[in-house]
Amino acid sequence: MPVETKPVALSNETEKNSCIAALHARAGLSGPVIAALGLFSLVVPLLPGEFPTIVGVEILILSLFAGSFNLIYGYMGQMSFGQGAFFGLGAYATALLCRWYQAGSTDIGYMQFFLALLLAIPVSALGALVVGFFLVRLTGIYFSILSMAFGELLFYIVFSWYSFTGGDDGIQGIYPPALLRDPHYYYYFTLAIVAVATFLLWRISRSPFGYTLRMLRDNQRRTAFVGVNIRWAMLLNFVLAGTFAGVAGALWGPFQRSVSPTLLGWMQSGSPVFMTLIGGADFFAGPFVGALIYTVLNAYVTRFTVFWPLTIGTIILIIVLFFPGGILSIIDGRLSRNRGSRDS
Amino acid sequence: MGDSDREGSWKNTVDLMNRAVSRRDFIITSGAAGVMTMVPRFARAQSAEPYRIGVLLPTTGSGANYSERPIKILPLIAADINSRGGLLGKHPIELHFRDDQTKPDVGAREARSLILNEKVKTIIGTWSSSVAMAVQEIIHEHKVLMLTATSNSSKIVNENYTPYCFMFGPTSGMQSRATVVAVTRLIKEKGWKKYATLGLDYEWGRDAQRVFVENLKKASPETELMKELWAKLGETDFTSYISAVMALKPNFLFGAIAGKDNETFLQQAKGAGLFKGIAYPGVFLPVTELMQQAKTLPRGIIGINRCPFFANMDKPLMQKYVKLYKDKFGKEEFPDDFACMYADALNALDQGATKAGTVETEAVRKSLTGATIETCQGKLPIRDCNNQLDCPSYLGEVVDVPEYPFPIFNPKTMIVVQGHDVWVPTCDEVRALQKKRS
């Protein structure tokens with residue numbers, strides 16, 4: 001979704017009130033949606049078969065990944081095509097430490113595993129800090145292109161560094177401790193981490209810093225004029241987004257039992273873009289809804305057709321052309337109409 | 001979907017397969033490949049439970065080129081086995097096709113989906129070694145068999161070894177050592193002294209180059225390596241590498257380049273005149289490339305491949321594969337190396353089940369480990385310490401022959417290097433590499 005710089009022209013009280021009403025309506029929609037998703041996520045392991053739980057883990061991890069992306073896109077108004085790099089950095093940080101602890105076997109202790117997961121936080125944050133230092137000097141298309149360039153740079157470093165990262169082969173045998181090898185336990189473990197991360201994301205989005213980001217998105221010049229250090233705010237947000245993506249990546253490796261350089265590639269960076277577009281970038285819950293739809297389609301459409309890219313592409317095309325605000329904007333629009341008709 | 005609908009789908013599939021092969025048809029037939037082999041299930045209501053096999057190969061991306069013929073031949077082999085009632089004469093084979101998109105995480109997810117949703121007992125695939133190793137973790141955990149051939153990193157049978165995975169083609173290490181055997185012979189014949197290498201900068205390319213250089217140093221220590229050049233995967237412009245090699249003027253260039261990159265390099269190198277003064281032994285030229293580049297492939301270069309039909313037309317199973325393939329897809333069509341290796345893999349499963357007297361995974365696994373099986377290259381043993389088929393590599397000069405509408409390796413001078421001559425010499429050395437799951 002192209003986020004254009006929208007001049008804030010609140011010329012009269014009526015217009016101001018309508019903006020606030022719209023904002024409330026949006027925040028109000030995300031609340032029930034997240035609550036519904038949360039309740040549903042509690043019962044996913046009760047569904048028949050193991051596969052829905054496995055898809056559920058994917059949805060949870062990718063939801064967090066997409067949510068981290070939306071800090072940059074939905075709130076800050078910049079399109080990043082390099083978010084996969086931090087997802088991959090988190091995944092590799094955890095995988096490398098797990099491998100070191102495992103020492104050629106597949107066994108790892110709980111404390112060692114949790115430490116390996118925690119390592120993803122500083123690694124991805126540091127990566128985002130270095131990349132963000134250069135990125136926040138640019139906006140718009142230049143920001144997007146440079147984010148992609150940095151993403152590819154990190155991809156090629158991991159791809160080529162055979163002695164450390166395993167190169168193209170990646171790293172296999174990243175097993176969690178015994179109990180968490182059961183998909184149901186790993187699901188609840190992931191759910192707990194994603195729930196905490198989502199709560200933090202929510203708090204960030206509702207904090208003064210979150211509103212500063214919205215202000216940055218709407219008008220950078222005015223934001224600077226009121227005394228906000230734009231670059232500092234953008235950098236902080238970029239590091240936060242990178243860190244959340246890293247946490248998502250950290251959960252990915254032990255779930256898949258392996259990591260590969262494709263996790264840092266541009267295709268991986270594209271997935272949160274699709275998810276956010278599908279769900280709706282203007283809503284906190286948008287990326288979570290998008291991740292649910294995108295992952296379920298990816299997991300189940302391939303059972304019935306080899307034309308899965310066409311299927312996904314068609315859905316995205318329809319959404320971009322006819323519902324540029326995403327699925328939640330349709331629901332939001334309908335609710336607003338109902339509310340309007342009741343009021344009238 | 002009712003049975004009549006499914007049978008209708010199958011008829012459409014057969015119709016499509018009978019047509020001339022186009023890219024579009026390939027995608028459709030590959031998508032319906034699983035349906036085709038389900039037919040005997042409906043025809044034999046009294047049969048025992050079907051034996052479900054997942055086929056995990058890419059239909060998109062660079063791997064699609066080498067996956068087309070395996071996807072087309074597997075239903076034919078399955079149908080052939082099913083015509084005898086299936087495995088053990090009573091378990092008809094069902095093939096469930098999935099696109100791994102050449103992405104390890106997608107491969108892992110699809111493997112889980114095949115195991116958990118389709119209840120497959122065996123997975124055949126993949127193309128990329130990184131995908132294969134990601135899938136290995138899943139099949140090991142779920143104790144499902146994996147039969148692989150195209151993805152051939154040595155790690156699959158060594159560092160990442162699992163007893164549930166069987167390799168039906170020579171590994172990258174075996175192929176590199178086979179090239180050394182052939183090149184050492186040529187060094188003596190032609191008095192070569194200096195060489196350079198050009199490899200693709202990823203695992204297969206690195207692995208192939210490293211093994212070649214290390215082994216050539218042992219076999220011919222006086223031969224000097226002038227320079228190592230690395231091109232990125234998916235390179236479209238090899239001009240700078242070609243110029244660098246021509247400036248160095250080595251006696252020969254060793255290339256570790258495969259797929260579309262290989263085709264691109266060969267065309268650009270041919271145009272630049274590289275092959276006029278510099279020999280190029282050991283270029284990976286599977287039958288796929290010989291057929292697809294029939295008009296443009298430089299004659300005289302020395303290629304290597306894994307399972308060429310033209311070198312084994314005296315073997316009954318190869319005759320059968322070629323006949324099945326030509327009957328279905330036309331006189332001008334031949335199975336490539338990958339099709340033959342995967343056909344062997346499916347036939348090996350049949351033989352393993354017969355030997356075990358059951359289709360239970362553990363029993364079939366044990367019966368295949370260390371077994372000698374009938375393949376399209378003759379009777380070959382499977383190494384008991386890493387499940388590697390003792391299969392040869394083929395090196396030869398690219399020449400035209402009247403029998404085929406594309407070049408093949410010169411039958412008179414072709415060098416066949418046996419698998420056991422070039423694999424990791426002893427099982428103790430293999431086991432030393434297999435620490436992970438020991």
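Start by colouring chain B by confidence. This is a predicted model, and chain B averages a pLDDT of 86, with 88% of its residues scoring at least 70. Now select residues 1-45 of chain B: here pLDDT stays under 50, and the model has 65 contacts beyond four places in sequence for this stretch. For the model as a whole, the scores are ipTM 0.84 and pTM 0.85.

Next, switch to a cartoon view of chain B. How far apart in sequence are the residues that touch? Taking contacts in chain B between residues at least 6 apart, 70% join residues at least 24 apart.

Stay in chain B and zoom in on residues 145-148, which form strand β4. Show the side chains. In a regular strand, side chains alternate between the two faces of the sheet. Here, Leu145(B) and Leu147(B) lie on one side of β4(B), with Met146(B) and Thr148(B) on the other. Are these four residues buried or exposed? All of them are buried, and both faces of the strand are covered.

To see how the two strands line up, pick Thr122(B), which stands opposite Leu145(B) in β4(B).

Time to move to chain A. Select helix α7 (residues 183-206) and helix α10 (residues 230-256). Their axes come within 11 Å and cross at roughly 175°. An angle over 145° counts as roughly antiparallel, so that is how α7(A) runs relative to α10(A). Colour them by type and you will get 10 nonpolar residues, 1 polar and no charged.

For the last stop, show both chains together. How many residues of each chain are in contact with the other? The counts are 27 residues of chain A and 34 residues of chain B. On the chain A side, select α2 (51-75) and α5 (140-160), each of which supplies at least two residues to the side that touches chain B. Colour that side of chain A by type as well: its residues divide into 7 nonpolar, 15 polar and 5 charged.

Note on methods: Residues numbered from 1 in each chain as written. Chains lettered and ligands numbered in written order. Predicted model: local features only at pLDDT ≥ 70, side-chain atom pairs only at ≥ 80, totals over all residues. pLDDT = per-residue confidence, 0-100. Contact = placed C-beta atoms within 7 Å. Axes fitted to C-alpha atoms, helices over the stretch in contact; angles between N-to-C directions. Parallel < 35°, antiparallel > 145°, perpendicular 65-115°, else oblique. Nonpolar A, V, L, I, M, F, W, Y, C, P; charged D, E, K, R; others polar. Buried ≥ 20, exposed ≤ 12 C-beta atoms within 10 Å, placed from the backbone. Pairing = 2+ DSSP bridges.
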